[in-house]
Structure formats: structure tokens, C-alpha cells
Amino acid sequence: MRSRYTGRELSAVVKSDAYGLGLEAIVPVLADAGCRSFWVNDLGEALRLKAVLPSAVLRETTVYTLFGLGGATPGDFEQAAVVPVLASLDEVWQCGGHARRSGRRMAVAIQLDTGLGRLGLTADDVDRLGGDHLAPLDIRCWVTHLAAFDCPDDPMNDRQRRMLLDLTARLPQAPVSLASSSGVFMGPDWHFDIARIGSALYGVQTSSRWQEGLVPCYRLLAPVLRVADMPAGARVGYRGTTALTRPSRIATLALGYGDGLPQGFVTAGLAFLSGEALPFVGGMAMNLTMVDVTDLLDGAVGPGTQMEILGPRQTIDSLADALGCAPNVLLTQVGAGCAHRYLGTGG
Ligand SMILES: *Cc1c(COP(=O)(O)O)cnc(C)c1O
């Protein structure tokens, strides 16, 4: 992303517990890599983030909350030295009022709703915004987000970009942030001053156009609990989901929807052992799933054998379509559902 980005600053999005992968483990790695701006959802996540950074790094670091005030007060943000990305005109007024009362300018970012219809000031809000409402605010950046970030050729993107240019021309000068991961791949016209990248950090594709060079940061392994030989005609799974058509060897994995996988995973995906792709049988239960290992050599699999469920051989991106969800649905849900072991930055 560094080699692609032509703007001023690449910042990291670590919302939703760093996409389910563990904010406390990931933030120090990004800080070591030189990252000095982070985006989280709310003040609670911002405080967790700040707690894991050494004070020398913290002094140079900006933490933004994408929910805006998210129910906390301007005073809470000022005390925590966290920058809310103000989400409405009402939040602008609240922060302006707080700054006037305290006699100190308050650090904020302000979101502009250029077409996503989700958060931020609309064009009408900007018309209603007198300059004196902004005077007590120390505006760190203007933020907007593309509604069709995953479709680089969608004309909506260009409409949003032109509206952003139009709105920021009427507003006080401050750095502008538009691009998320896919915006960096869309090229310099989309880079502006600060890019907010999440998915690319974790090696997840977020565009209908293939984004070269992203490496999955994750592997999901599941241990075998039992291996059993079963005759042709035997049935496997709840209500006999699968009838075996040949004498079979079936391995039971500690893996299920309770670990964040959708139940459709057993039809969309495979299990891998030493490069061999193995089909699931018998459906998926809360924490148990069966795999047909008949074609493996004797002794290749036993209790404790780890099978690879997600990783370079079977990425989240390759499954998302078949599962009818965005790749990040899988990443956040599996991330939140499974225990994590971190292998460090050395690979
Ligand atoms: C989640 C999010 C991002 C990061 O998007 P990726 O596609 O994961 O890089 C950036 N900006 C906003 C407003 C977001 O909500």
C-alpha cells in the first residue's frame, strides 16, 4: 500500500476489534511499522487502542472514532485525547458549544455525506453551517466514504468525488480523507491526503477488480477429534444428512458455526491437509464438522491432526461469493469466533 499511495498519510482502520483479529495484538505491529493514525468505531475501542501503545508513540498518534461522538460527550473525547469524526450537524454544534464553554479549541474530524447516506453532513447541512460554528473547532480532516468502493467503474464514485471537491472548497482548509483500501488501488485521483485502509492490511480483497499484492494475514486451523471407518450406506450428521456411497473414513473436526463460520461453508468450502482438498460430509453443527478422508493414505490423519480451513489455499475472498456475503463478514465473524495465535511480523 505504501508503494501505491501518493497522498500524505496511510492510516489504519482497526474497527470492530481489528476486523475480529484482535486490536491489542495488531495495533503495536502497525505502530512499529510507522503507522501514526488509527480509526476505530467508538471511544471504548479508542481507549483500548491507546492502552497498548507506548507513551512516546502515543504522543505522535491520532485516534479517530468513525461513529462520531457515539453517545459519549465532547468532554469525554477531549479528556481521552481522541478525535471524533463528527457524524451530524448536531454533533458539530455540541462540540462547538463545548469548546466555547471550555475556552479551548476542540480537535475533531468531520464526515461529509457525499452519497452513502450513512453518516456526516449533507450538502444541506453544509449550507446551514455558519462559519462561526466551526471557529472553535480544530478540524483535523474532512472524511467521506464511497458507496461503491467495491466497483471502481461505478459512476457514483465520480459523483461523490466531485461533491467532495465542491463541499471542501466551501469549507475551512483541512486534509481530506476519501480512500479506503480499494480507493488506494483506484489510483491517485482518489488518494487525497489521508487514506483509511483496513481490509488491505489483513490481505482481504474489497473490489470487483483484482487488487494485486494482498497477502492473507490469517490461517484457520481445526483439530481432528476422531477418525472412524464407516460402511457404505452409513449416514453421517443430524437426521442422516449424508449417506455414504462407499466404505469411508470420516474425520470429525472441532469446527462449527459457533466459531463464526456460516453453515453454508460445508458446501462452499473444503478442508485441506498437506495440500489435499477434502470434502465435508454431514453438515455443520455448532462446534463439530465431519470430513471425508477416505482418499488419504493410512495414518495420514488421526486425533490431533490440524486441518487448514482458511489460508492461502482457500482464502476468504474465494469463498465470499459462494456464501453470498462480503469477505469481511467471514473475517470478522470467524475472527471473533475463534481463538487466536499470533506468529509475529517475521512470518
Ligand atoms: C471500514 C471503513 C474503512 C476501511 O475500509 P476497507 O475497505 O476495509 O479498507 C474506511 N472508512 C470507513 C468510513 C469505514 O467504515
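1. Beyond its neighbours within four places in sequence, Lys 50 is in contact (heavy atoms within 4.5 Å) with Leu 58, Val 63, Ala 80, Ala 81 and Val 82. Lys 50 sits in helix H3, residues 43–51; helices (H or I, at least four residues) and strands (E, at least two) are DSSP runs, numbered from the N terminus. Lys 50 is buried but has no salt bridge, and Glu 78, the nearest side chain of opposite charge, is 13 Å away. Here buried means under 20% relative accessible area with a 1.4 Å probe, protein chains only; a salt bridge puts a side-chain nitrogen of Lys or Arg within 4 Å of a carboxyl oxygen of Asp or Glu. Lys and Arg count as positive, Asp and Glu as negative, with His and the chain ends not counted.

2. A caution on the source: this is a predicted model, where local features need pLDDT of at least 70 and side-chain atom pairs count only at pLDDT 80 or more, while totals for chains, interfaces and linings use all residues. Residues are numbered from 1 along each chain as its sequence is written, and side-chain values use heavy atoms, leaving out hydrogens and water.

3. The open sheet has 8 strands in the order S7-S6-S5-S4-S3-S2-S1-S8, with parallel pairing (at least two DSSP bridges between two strands). Its edge strands, S7 (176–177) and S8 (194–197), each pair on one side only. S1 (residues 9–13) runs parallel to S8, joined by 4 bridges, and Leu 10 stands opposite Ala 195 in S8.

Notes. Buried means under 20% relative accessible area, exposed over 50%, partly exposed in between (1.4 Å probe, protein chains only).
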